[in-house]
Amino acid sequence: MHGLINRAVQTFVCRTYGGECWRRAVGVAGFDSAEFEAMLDYDDARSLALVEAICAELGRPRAELLEDLGTYLVSHPQCDPVRRLLRFGGVTYVDFLHSLDDLPGRVRLAVAELDLPGMELREYGPGFFSLTCQPGLPGFGSVMMGLLRAMADDYGALVMLDHRGRNDGREVISIALVDTAFAKGRAFALGAGE
């Protein structure tokens, strides 16, 4: 697993649940250090064991924890580069949804070694979509649920999301766009600091 992913989990858990929770989970998962280097690779099985240890420590299901991680990646000020990368997808939430097919490529432009699973958006009618996340990162669909929800807030849109489960390793999310201008979205400008 890419170190950026482990580092994101580390930051999320420490800021949300505290350093002691993080250190206990790291110990249970068998890592020698509680710190992850963002540009190193880590064994997938051990990284997944770490997520399971965090879930056990908190008494929370993995899907819920990973959805909260997705929300954190968009809404926390420390993660603004992630939000900016996503907002480059378009002016509206619908534009953003249509840009998700290209997200793994945009991420690779920023970090060449970080391979996100492919995604495919389908539109079934005005405001009705499905997003299929290809196999690759266990729980990626749950992270995308939180990310999609937080981005809807960012754009000021009201959406209803439903994780439809797995099929051959793929995860499917249904998206119903209720209102594109439900609330005032967060300010965004193309140039940083504008």
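A search of the whole structure, which is a predicted model, finds seven aromatic pairs. One of them joins Phe12 and Tyr17 in an edge-to-face arrangement, with 6.1 Å from centre to centre and 90° between the planes. Ring pairs also bring in Tyr72, so that Phe12, Tyr17 and Tyr72 are linked into a cluster.

Tyr17, at 30% relative accessibility, counts as partly exposed.

The charged end of Arg87 sits over the ring of Tyr155, at 4.1 Å from the ring centre.

I turn now to helix α2, which covers residues 19–29. Which of its residues are buried? They are Cys21, Trp22, Ala25, Val26 and Ala29. Seen down the axis of α2, these buried residues fall within an arc of 130°, so they line one face of the helix. Against what do the buried residues of α2 pack? Their partners are α1, residues 3–17, and α3, residues 44–58. After α2 comes Gly30, with a positive phi near 85°.

In soluble globular proteins, nonpolar side chains tend to be buried together. The largest nonpolar core here has 33 residues, and the members that touch the most others are Tyr93, Phe96, Leu97, Leu131, Met144, Leu148 and Ile175. Helices and strands both contribute: α6 (93–99), α7 (103–110), β1 (119–125), β2 (128–133), α8 (140–155), β3 (158–167) and β4 (170–179) each supply at least two residues of this core. Which element gives the most? That is α8, with nine residues.

Leaving aside residues up to four places away in sequence, Phe96 touches Leu86, Gly89, Gly90, Leu147, Leu148, Met151 and Tyr155. Trp22 and Ala25 have already been named among the buried residues of α2.

Finally, a word on confidence. The protein chain averages a pLDDT of 87, and 94% of the residues score at least 70. Among the elements of the chain, the lowest mean pLDDT, 83, belongs to helix α5, residues 80–87, and the highest, 95, to β2.

Conventions. Residues numbered from 1 in each chain as written. Predicted model: local features only at pLDDT ≥ 70, side-chain atom pairs only at ≥ 80, totals over all residues. Heavy atoms only, no water. Core = buried A, V, L, I, M, F, W, Y, C linked by side-chain atoms within 4.5 Å. Buried < 20%, exposed > 50% of the residue type's maximum accessible area, 1.4 Å probe, protein only. Helix = DSSP H or I, 4+ residues; strand = E, 2+ residues; numbered from the N terminus. Contact = heavy atoms within 4.5 Å. Arc of directions from axis to C-beta. Phe/Tyr/Trp six-rings, centres within 6.5 Å; stacked < 30°, edge-to-face > 60°. Lys NZ or Arg CZ within 6 Å of the ring centre and 35° of its normal. pLDDT = per-residue confidence, 0-100.
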